[in-house]
Amino acid sequence: MANPNLTDMTEEDAADLQFPKDCLLSPTDKSEHDVDLEVSVLKDKILASDPMCRVCRSILAEPYIRCAICTDVEICPPCFAKGCEIDEHKNDHDYVIIKNEFPLMDGSGWTAKHELELLDVLQQCGFGNWVDVRRRMHGKSAEECKTHYLQHYIDNQTLPGLPKIKESRASLFGCEPIPYTYKLQDLEEPPRFATNTVNGRLLSGYNAARSDFEVNFDNHAESLISDLEFDEFQPGDDEHELGQALQAAIVQAYNNRLKERARRHRIIRKHGLIAFRKVISSIQRYENTITRPLAERLLIFMQLVNGMEFDLLMEGIHRVGELRNRINRLLEFRRNGLKHFYSVPMFQKLSNLRQENEREKKQYLNNPEYSWRNVLPDTVASSCNSPILGGTQRKTAPPLAIKGLLGYEKLNADEKELCSVVRIVPANYLDFKQLLITESKKNGYLRLAQARILLKIDVNKTRKIYDFLVEKGYINKPPQ
């Protein structure tokens, strides 16, 4: 809103600036149209922060001059007093003196300058911090600032263009409020482990309350400066300069050690290296997707990225594993002849029944009460247990769990079964396979004896691998 004494204000400010105009129009000579134009400009113009002088490019502060003829031409008082001109702007153009000492809201008693100052202080101190707002708003109490802001900006918005905020649960809380599962008074304090306990040792002596370690890195660094004396070297001594330089070097060495200690603490906190066993236990979540061996190999990246970035990496790979497991399940359904999703529950039910029957059958066979050898006479049972008849044999090793090992994804179904039964790591099998295929291509065939010389592993495992590759057509047997 414009100042009601606009004519007097223009006369006084023009006299103070002493602008050397030849054709300066007196405010009394202005027409009614010119006065209305100035009033409309002041009404419509919203003062922007940090306006700039078009001549000297300095930041403008009220009062400053705005040309009433040219568009967006604002000049500081020193340039205006010198009669500076720029582009289409001439020094005999009509002008308006911009001042923010006029009341912006009727009946408030606050000038535009106070309004801008209040908004700036609120952005710095935050809404509701009225004690700090009062300290920066000179001449205004905390209650006055609070009442004025709530009345004119929140409850009864008198300025045009202010956003209308409809009170709702989402606007008040930012999102739909979620009730607490537990009351605040039911929560216990975080655990504070005593020194020389198991949990304390797992944290490597880290004290979360102090954010520090019981035994710091380079724990005896303070011994460097413990014996220094400030007045050990007097200005009159011959070694004064050398002694001061030596003391300064010792203090600098101590500061370097403190920086290295702080750097190590920052890395330990940032990369989640304090409770390392907790990190290891969290890997159980990824056993069915990333698999434990691969997840343990990925832990080395904790040294390169912070905790959030590492979690994002693991969650991304975990999501890939979930999709892969989903695809494998769908492929398994298709291999078993399922073509519709409504058949899946029946298939899973029958599969569970078959597994239970096989488990009961295995338990039944392992029960000594139902063993057929107990029915036979002792002489016949002892003869059946002889090595010649195959009665007593070495137990077969259980299949190897190869899922998640390096190279597992490169195997087909038959190769996975072979590696599991023969107990060969997939990566080693792929190397053996490539070696035997290459040797077979050289001569056109490959003998079992040559395969044993090349692989240098257990002869039984070599035979199984050799027979498998011959059966699948990867290598050729020698001609008969």
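How many salt bridges does the structure hold? The structure holds 15. The model is predicted. The views below go from the whole chain to single residues.

**Figure 1. Overview of the protein, with 18 helices and 5 strands.** The protein has 480 residues, and 24% of them are buried. Take the contacts between residues at least 6 apart in sequence: 47% of these join residues at least 24 apart.

**Figure 2. Helices α4 and α6 cross at roughly 100 degrees.** Helix α4 covers residues 112-125, and helix α6 covers residues 142-155. Their axes come within 12 Å. Angles of 65 to 115 degrees count as roughly perpendicular, so α4 and α6 are roughly perpendicular to each other. From α4, the residues at the contact are Glu115, Leu118, Leu119 and Leu122. From α6, they are Cys145, His148, Tyr149 and Tyr153. By class, the contact of α4 with α6 has 6 nonpolar, 1 polar and 1 charged residues.

**Figure 3. Glu115 is a buried residue without a salt bridge.** Glu115 belongs to helix α4. The nearest side chain of opposite charge is Lys140, at 8.3 Å. A salt bridge needs a nitrogen-to-oxygen distance within 4 Å. What does Glu115 contact, beyond its neighbours within four places in sequence? The partners are Leu104, Met105, Ser108, Trp110, His148 and Tyr153.

**Figure 4. Lys140 sits in the loop between α5 and α6.** Helix α5 spans 130-136. Is Lys140 buried or exposed? Its relative accessibility is 17%, so Lys140 counts as buried. Setting aside residues up to four places away in sequence, Lys140 touches Gly109, Trp110, His114, Arg134 and Cys145. Take His114 from that set: Lys140 and His114 are 26 residues apart along the chain, with their C-alpha atoms separated by 9.6 Å. Trp110 contacts Lys140, and Trp110 is also in contact with Glu115.

**Figure 5. Arg292 forms salt bridges with Glu287 and with Glu296.** For Glu287 and Arg292, the closest N and O atoms are 3.6 Å apart. For Arg292 and Glu296, the N to O distance is 3.2 Å. Why are Arg292 and Glu296 separated by about one helical turn? Because they are 4 residues apart in helix α11, which covers residues 292-298. Glu287 has a relative accessible area of 38%, so it is partly exposed. Arg292, at 28% relative accessibility, counts as partly exposed. Glu296 is at 40% and also counts as partly exposed.

**Figure 6. Glu439 and Lys442 form a salt bridge in helix α16.** The closest N and O atoms of this pair are 3.9 Å apart. Helix α16 covers residues 426-443. Glu439 and Lys442 are 3 residues apart in this helix, and therefore separated by about one helical turn. Lys442 is at 61% relative accessibility, so it counts as exposed.

**Figure 7. Glu260, Arg263 and Arg264 are linked by salt bridges.** Together, these residues make up a network.

**Figure 8. Met52 and Arg57 lie in the loop between α2 and β1.** Helix α2 spans 32-44, and strand β1 spans 64-67. Met52 has a relative accessible area of 35%, which means that it is partly exposed. Which residues does Met52 touch, not counting residues up to four places away in sequence? They are Arg57, Ser58, Ile59, Leu60 and Glu74. Glu74 is 22 residues from Met52 along the chain, and their C-alpha atoms are separated by 7.2 Å. Arg57 has a positive phi, near 60 degrees, and is not a glycine.

**Figure 9. Asp72 has a positive phi in the loop between β1 and β2.** The phi value is about 55 degrees, although Asp72 is not a glycine. Strand β2 spans 74-75. Is Asp72 buried or exposed? Its relative accessibility is 60%, so Asp72 counts as exposed.

Conventions: Residues are numbered from 1 along each chain as its sequence is written. This is a predicted model: local features need pLDDT of at least 70, side-chain atom pairs count only at pLDDT 80 or more; totals for chains, interfaces and linings use all residues. Side-chain values use heavy atoms; hydrogens and water are left out. Axes are lines fitted to C-alpha atoms, for helices over the stretch in contact, and angles run from 0 to 180 degrees between N-to-C directions. Helices (H or I, at least four residues) and strands (E, at least two) are DSSP runs, numbered from the N terminus. Angles under 35 degrees count as roughly parallel, over 145 as roughly antiparallel, 65 to 115 as roughly perpendicular and the rest as oblique. Contact means heavy atoms within 4.5 Å. Ala, Val, Leu, Ile, Met, Phe, Trp, Tyr, Cys and Pro count as nonpolar, Asp, Glu, Lys and Arg as charged, and the others, Gly among them, as polar. Buried means under 20% relative accessible area, exposed over 50%, partly exposed in between (1.4 Å probe, protein chains only). Lys and Arg count as positive and Asp and Glu as negative; His and the chain ends are not counted.
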